[in-house]
Each structure stands twice: as structure tokens, then as C-alpha cells.
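Colleague: I am new to this one. Could you show it to me and take a few questions?

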Amino acid sequence: MTALERVGEGRWRSASEEATRRLGELLGALLEEGDVVILEGELGAGKTQLTKGVARALGAEGEVTSPTFNLLVSHYGGRIPLHHLDLYRLDPSSGQGELGEAGALDVVGEDGASLVEWGAPFAKLLSPERLEISLAREDAAPSRPEDLDAEPARVIVARGVGARGEALARALDAGEASW
Ligand SMILES: Nc1ncnc2c1ncn2[C@@H]1O[C@H](COP(=O)(O)OP(=O)(O)O)[C@@H](O)[C@H]1O
Ligand SMILES: [Mg+2]
């Protein structure tokens, strides 16, 4: 069985964390300076795994982790800088306030590419042009009792907003169909 499979327009099924990283690699090869990628999906959906794949494709230095205390970690040394943000703890009603304090407004859309976990509530503030990627556990009922503890696959959907976002979405969709 293929671990990463395109199952529709801008839509993939990932059967393993490595497959999600693989989609991240495909994305990493497309990213240019100024690009903004919003990652949404509940805790453990795979946002950080996808970011790890982007870092691998860029050749970025340092390990990509879930930045529990850091809202922003920048990885240099690759083809372009990678800014990895996790806005989980920010209050969306603060508008630009907390975003500014976190340093997000200084880097997002500037040098390098930005991947923003929990970025959906701030998407418009961050960039009018962006790729939005949503990850979710596939809610298939387990077919056998022994599958009850099995890790569900992830469904990953990408959509572009604005001209650059749409171009990225199209290019990602035109990439490898399965892996
Ligand atoms: N298909 C999959 N894609 C991504 N992660 C997966 C997948 N299957 C299992 N996992 C596991 O789910 C977790 C995802 O964690 P992480 O990427 O940190 O999520 P998030 O950043 O969205 O909170 C990891 O423990 C990973 O091993
Ligand atoms: Mg994470």
C-alpha cells in the first residue's frame, strides 16, 4: 500500500508520519522567499511532521520540534531560511498585538518561507497570499477489534489563497501522485 496517495484535487491520504514528511518535502522544493504556509489541524494531526519534511527539502539546519515555549524558531543554512511558528498560545482577539510581540510580523512574508502552525485565526493578518494546509485524522471506524489501537491515517487538504497561494497549491497538486 502506498503511504502517501493523492485522493482528489489538492487532497492526500497519508498513512504514516514519514508520508506526511514526504508531502512536506514536495512542498519544500516549491517554496520561495516570502511564502507563507498556514497549517491547521488539531494537536497531533501532523503539522510539525509536515514542517520537518519542508526543512529536509530545504536543507535547513537544526531539528524542527514542537516549539512548546518558542512561538518562532528560524532555521538557516538551507536553500532559503525557514521560519517555523506555533501560535497555539496566542489570543486571536489580540489582533496584531500578540503577533507582533511574538516576532511573527517581522519575519512572515519577508526573507525565507514561513510555516505557521495554528495560524488559521491569524491568516489574513499574516498574509493575503498564502497556502493553507489542513490535516485531520481520518475518522474511519476500525474494521477489526485489533485495529482499535491503530493510528488512523491523515487526510491532508491544501488550498491556495491569492495568486501566489494558488500557484503553490497547483504546483503541489501537480507533483508526485503517490509515494
Ligand atoms: N500519517 C501521519 N502523519 C503525521 N503524523 C502521524 C501520522 N501517523 C501517526 N502520526 C503521529 O502523529 C503525531 C503527529 O505529531 P505532530 O506532527 O507533532 O502534530 P502537530 O504538530 O499537528 O500537533 C506524531 O506522533 C506522529 O508520529
Ligand atoms: Mg506541532
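This is a predicted model: local features need pLDDT of at least 70, side-chain atom pairs count only at pLDDT 80 or more; totals for chains, interfaces and linings use all residues.

Colleague: Let us start with helix α1. How many residues has it, and what is its reach?

Modeller: Helix α1 covers residues 17-28, which is 12 residues. From its first C-alpha to its last it reaches 16 Å, close to the 16 Å expected at 1.5 Å a residue.

Colleague: Is α1 mostly covered or mostly exposed?

Modeller: Mostly covered, since 9 of its 12 residues are buried. Among them are A19, T20, R21, R22 and L23.

Colleague: And what covers those buried residues of α1?

Modeller: The covering elements include two strands, β1 (4-8) and β2 (11-14). Helices α2 (47-58) and α6 (162-173) also take part, as does β8 (154-161).

Colleague: Changing topic: which residues come nearest to ligand 1?

Modeller: Of the 19 residues around ligand 1, the nearest are T20, G46, K47, T48 and Q49. The elements giving two or more residues to this shell are α1 and α2.

Colleague: How does the shell around ligand 1 divide into nonpolar, polar and charged residues?

Modeller: It holds 5 nonpolar, 9 polar and 5 charged residues.

Colleague: One last point, W118. Where is W118 found?

Modeller: W118 lies in the loop between β6 (113-117) and α5 (123-126). Its phi is near 55°, a positive value in a residue other than glycine.

Colleague: Why does W118 count as buried?

Modeller: Because 21 other C-beta atoms lie within 10 Å of its own, and 20 or more make a residue buried.

Definitions and conventions
Residues are numbered from 1 along each chain as its sequence is written. Chains are lettered from A and ligands numbered from 1 in the order in which they are written. Helices (H or I, at least four residues) and strands (E, at least two) are DSSP runs, numbered from the N terminus. The expected span of a helix is 1.5 Å times one less than its number of residues. Two residues are in contact if their C-beta atoms, placed from the backbone, lie within 7 Å. A residue is near a molecule or strand if its C-beta atom, placed from the backbone, lies within 6 Å of it. Ala, Val, Leu, Ile, Met, Phe, Trp, Tyr, Cys and Pro count as nonpolar, Asp, Glu, Lys and Arg as charged, and the others, Gly among them, as polar.
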